[in-house]
Amino acid sequence: MSGVRVLVGTRKGAFVLSSDAGRKSWKVDGPHFAGWEIYHVKGSPADPDRLYASQTSGWFGQVLQRSNDGGKTWEAAGNDFRYDGPTGTHQWYDGSPHPWEFKRVWHLEPSLNDPDKIYAGAEDAALFESGDGGQTWAELPGLRTHATASGWAPGAGGLCLHTIVLDPTNADRMYIAISAAGVFRSDDAGKTWRPANKGLRSNTMPDEDAEVGHCVHRIAMHPSRPDVLFMQKHWDVMRTDDGAESWREISGNLPTDFGFVVDVNANEPDTVYVIPITSDSHHFVPDGKLRVYRSKAGGDDWEALTKGLPQKDCYVNVLRDAMDVDALDPCGIYFGTSGGQVYGSADGGDTWNAIVRDLPGVLSVEVQTLE
Amino acid sequence: MIQVILPRNLQILAGVGRVVELEVAAPVTQRTVLDALEAAHPALLGTVRDRVTKQRRPMIRFFACEEDHSDETVDTPLPDEVASGKEPLLIIGAIAGG
């Protein structure tokens with residue numbers, strides 16, 4: 001019987017939430033790695049029992065964990081994330097040069113077809129690759145050494161590479177996003193990169209439509225339509241139909257177009273979800289109401305989804321890696337909040353329930369649909 | 001046997017109890033103790049000191065015999081009481097953030 005496993009990274013450990021395909025009754029397992037910040041947990045599409053977790057600490061640094069049994073047991077894998085070659089400087093918040101320093105892994109992206117191959121997105125921004133199940137790591141230095149890199153500046157969370165999107169129809173094509181540099185695309189499996197930010201405008205830069213410098217928060221793709229990407233930028237929700245050659249705004253009637261997450265319904269490639277956040281200075285939902293917004297038209301026209309979500313006195317945030325969808329029909333949508341709630345909808349967003357309410361602040365949510 | 005006391009998070013990571021006992025040949029220094037600790041428990045690589053420079057991570061402290069040895073060089077001999085196993089070397093995660 002099929003089921004769903006929701007992998008939750010929090011500020012004080014990882015949790016595994018599991019249910020059958022009905023998605024009504026949930027088992028909560030954890031905390032794993034109690035006391036550590038778990039920036040991301042993700043399973044291999046090629047082997048759902050192979051999970052990877054980024055375990056970090058300001059005291060003890062970066063640890064990479066691996067499970068071969070769906071999260072029941074874990075083992076420390078390799079944590080030697082070493083930049084390849086000399087590291088220069090990037091811009092600091094005040095515009096001064098600042099040395100590149102490895103701080104943590106924000107995002108893990110396992111290969112679509114090889115459980116031992118995985119990419120890791122780091123702060124300070126760099127892309128690493130492992131071909132042996134996370135035991136050893138090598139940087140793909142073409143990104144960090146891009147001609148524009150000395151001008152990249154950190155967002156509020158740091159100079160982080162937080163999004164990695166693999167094209168399921170083209171093994172050489174991948175997209176990454178960096179706060180606050182923007183989107184980059186590679187067409188040679190990560191060796192070389194070019195900025196892919198045409199159409200973005202950001203008033204945090206002297207040149208609003210500059211080639212790089214945009215604080216992209218998240219990009220999402222439906223696997224059946226890899227040239228269409230949706231983006232939640234710092235401000236603005238955007239869309240591309242040509243593999244990020246150009247972007248257009250689809251914020252439409254959203255109450256605010258600031259936010260972090262964006263995701264696509266597994267069964268309807270033009271059904272998109274965002275969670276508007278008040279502003280960059282008010283990292284909580286507007287008007288005390290937690291509302292997911294859904295567009296069934298691929299953007300521009302949005303409806304608020306509120307059934308089962310708090311509609312008064314709610315002031316949580318939802319971070320960029322904290323929403324995902326399952327592959328069942330109807331599609332399940334899941335997200336976690338800074339208040340430690342993980343909400344799920346088993347009907348495409350029409351109604352919501354709290355799967356668990358009192359975890360530590362949620363950093364990431366990933367969903368596995370199990371056969 | 002040298003005794004090393006680990007902070008709780010590293011105990012969990014390494015799958016050990018509060019006190020780790022290690023065989024360390026003389027001279028007993030931060031470097032030789034940590035070499036032995038990492039050899040016995042590779043999960044701790046990079047969590048106490050930098051893999052390359054061997055310098056302690058900024059928010060790690062080394063205490064022994066009621067003294068702070070954090071800022072001594074990695075090759076300075078630790079107190080005789082640590083070398084003889086009478087007193088432990090405490091690896092501490094610095095108090096920060098309230």
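Visitor: Where is Phe33(A) placed?
Guide: This is a predicted model. In it, Phe33(A) sits in the loop between β3 (27-32) and β4 (37-43) of chain A.

Visitor: And what is the phi of Phe33(A)?
Guide: About 55 degrees. That is positive, although Phe33(A) is not a glycine.

Visitor: Is Phe33(A) buried or exposed?
Guide: Phe33(A) counts as buried because it has 25 C-beta neighbours inside 10 Å. The cut-off for buried is 20 or more.

Visitor: OK, on to Ala244(A). What is its phi near?
Guide: Near 70 degrees. Again the value is positive, and Ala244(A) is a residue other than glycine.

Visitor: Which loop holds Ala244(A)?
Guide: The one between β20 (237-240) and β21 (248-249) of chain A.

Visitor: Why does Ala244(A) count as buried?
Guide: Because Ala244(A) has 26 C-beta neighbours inside 10 Å.

Visitor: New topic: cis peptide bonds. Which residue does Ser179(A) share one with?
Guide: Ala180(A). Omega there is about 5 degrees.

Visitor: Where does Ala180(A) lie?
Guide: In the loop of chain A that runs between β15 (174-179) and β16 (182-186).

Visitor: Now chain B. Which residue does a cis peptide bond join to Ala26(B)?
Guide: Pro27(B). Omega for that bond is about 0 degrees.

Visitor: What lies on either side of the loop with Pro27(B)?
Guide: Strand β2 (19-22) and helix α2 (30-40) of chain B.

Conventions:
Residues are numbered from 1 along each chain as its sequence is written. Chains are lettered from A and ligands numbered from 1 in the order in which they are written. This is a predicted model: local features need pLDDT of at least 70, side-chain atom pairs count only at pLDDT 80 or more; totals for chains, interfaces and linings use all residues. Helices (H or I, at least four residues) and strands (E, at least two) are DSSP runs, numbered from the N terminus. A residue is buried if 20 or more other C-beta atoms lie within 10 Å of its own, exposed if 12 or fewer, and partly exposed in between; C-beta atoms are placed from the backbone.
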